[in-house]
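Here is a short tour for a first look. Have the sequence and the 3D view open side by side.

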Amino acid sequence: MASLLFFTLYAPLAGFGDLAVGERRIGADRPNRSGILGLCAAALGLERDATAALTALSAGLDLALRLDADGRVVQDYHTVQSVEAPKRAKQPWPTRAAALAAGNVSTLVSQRDYRSDLFVTVALHARPGTDPGLLPRVATALARPVFTLYMGRKACPLGLPLRPALVTAETLGHGIDQYDATRPIPEQRVRAVLRLGEALRYVADTGWQRDDLLGPEFTCERTEQRRDAARGGRGWQFDLRDELVLSRRKPEGRAA
């Protein structure tokens, strides 16, 4: 038996970035690992320079997602005014007024992808040797977050409470079934409006397979590589990660 943490992610508008160069900023059809762990870190109140704590969070947890709805792509024409920071100070401008007063203002233009009505069920599992108190702390923080949480980008507020719950289960599938059984009425109504039924797909870190938490009901269809494993620190640098794309054999009498 394993302790698993589940929570729900839904927002009318979500934005999870992918590899992007130049003006075209494409988005992923599902949350990335760095985005989910960043949301947990924000809930815990970790700042960007809390390198040790962020590294421990990333090294200690395996992620799995059930994609209930991948939403519809929405493109945004985006403009940003920027001013080069003073090189000698090696610090950002203290205020926008000070930056504009220095002149040399340039405008960046981009097109960014968003997803409307993305609905995801998230599962986290502590890797062997991880502090046993980590998952309960994350669960408590998601219920009462320190910082405001959002769905990928700051312009994307959450549309439902996260509803974090710790579940003891033999496999990921058994845990999801327990979590679904406690679904509150507001969430049921949103799912009904979105006409959610069977899951579109499941994806998981390889650790779920290593720790034998997928069970016989899940089949690995393929392995995809995503560049979303944050290296830590303040830089926006990410390493490649293997992600299992899974199908689930439908249990009798219940949607998979």
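Arginine 163 counts as buried, because its relative accessibility is 14% and the cut-off for buried is under 20%. This is a predicted model. Arginine 163 sits in the loop between α4 and β6 (165-169). Its phi is positive, about 50 degrees, although arginine 163 is not a glycine.

Aspartate 212 also has a positive phi without being a glycine, with a value near 55 degrees. Look for aspartate 212 in the loop between α7 (207-210) and β8. Is aspartate 212 buried or exposed? Its relative accessibility is 59%, so aspartate 212 counts as exposed.

## A proline in the loop between α4 and β6

Go back to the loop between α4 and β6, where proline 161 lies. Proline 161 counts as exposed, at 61% relative accessibility. Follow the chain from isoleucine 36 to proline 161 and you cover 125 residues.

## The largest nonpolar core

Now turn to the interior. In soluble globular proteins, nonpolar side chains tend to be buried together. Here the largest nonpolar core has 35 residues. Which of them touch the most other members? They are Phe7, Leu9, Val122, Leu124, Val138, Leu142 and Met151. Several elements give two or more residues to this core: β1 (2-14), α1 (33-44), β3 (61-69), β5 (105-126) and α4 (134-143). The most comes from α1, which gives 7 residues.

Beyond its neighbours within four places in sequence, valine 138 is in contact with Leu5, Cys40, Leu44, Leu57 and Leu124. Another core lies apart from the largest one. This other core has 19 residues, and Leu4, Phe6, Ala204 and Trp208 are among them.

## Where α1 meets α4

Two packed helices are described by the angle between their axes and the distance between the axes. For α1 and α4, the axes come within 8 Å and cross at roughly 75 degrees.

Which residues make the contact? From α1 come Leu39, Cys40, Ala43 and Leu44. From α4 come Arg137, Val138, Ala141 and Leu142. By class, this contact has 7 nonpolar residues, 1 charged residue and no polar ones.

Valine 120 is found in strand β5. Its relative accessible area is 0%, so valine 120 is buried. Valine 120 touches Phe7, Thr8, Leu9, Pro31, Leu65, Arg66, Leu67 and Asp68, not counting residues up to four places away in sequence. Glutamate 217 is 97 residues from valine 120 along the chain, and their C-alpha atoms are separated by 20 Å.

Serine 110 is buried, because its relative accessible area is 5%. Its side chain makes a polar contact with the side chain of arginine 112, at 3.0 Å. Leaving aside neighbours within four places in sequence, serine 110 is in contact with Glu23, Arg25, Asp76, Tyr77 and His78. Arginine 112 is likewise found in β5. Beyond four places in sequence, arginine 112 touches Arg25, Val74, Gln75, Asp76, His78 and Arg153. Take Val74 from that list. Valine 74 and arginine 112 are 38 residues apart along the chain, with their C-alpha atoms separated by 8.3 Å.

The last stop is arginine 226, in strand β8 (residues 218-230). Is arginine 226 buried or exposed? Arginine 226 counts as buried, because its relative accessibility is 10%.

What does its side chain meet in a polar contact? The partner is the side chain of glutamate 243, at 3.5 Å. Not counting residues up to four places away in sequence, arginine 226 touches Ala28, Arg30, Pro31, Asn32, Asp239, Leu240, Arg241 and Glu243.

Conventions: Residues are numbered from 1 along each chain as its sequence is written. This is a predicted model: local features need pLDDT of at least 70, side-chain atom pairs count only at pLDDT 80 or more; totals for chains, interfaces and linings use all residues. Side-chain values use heavy atoms; hydrogens and water are left out. A nonpolar core is a set of buried Ala, Val, Leu, Ile, Met, Phe, Trp, Tyr and Cys residues joined through side-chain atoms within 4.5 Å. Buried means under 20% relative accessible area, exposed over 50%, partly exposed in between (1.4 Å probe, protein chains only). Helices (H or I, at least four residues) and strands (E, at least two) are DSSP runs, numbered from the N terminus. Contact means heavy atoms within 4.5 Å. Axes are lines fitted to C-alpha atoms, for helices over the stretch in contact, and angles run from 0 to 180 degrees between N-to-C directions. Ala, Val, Leu, Ile, Met, Phe, Trp, Tyr, Cys and Pro count as nonpolar, Asp, Glu, Lys and Arg as charged, and the others, Gly among them, as polar. A polar contact is a pair of N or O atoms within 3.5 Å; within protein, one must be able to donate a hydrogen and the other to accept it, and residues adjacent in sequence count only if both atoms are side-chain atoms.
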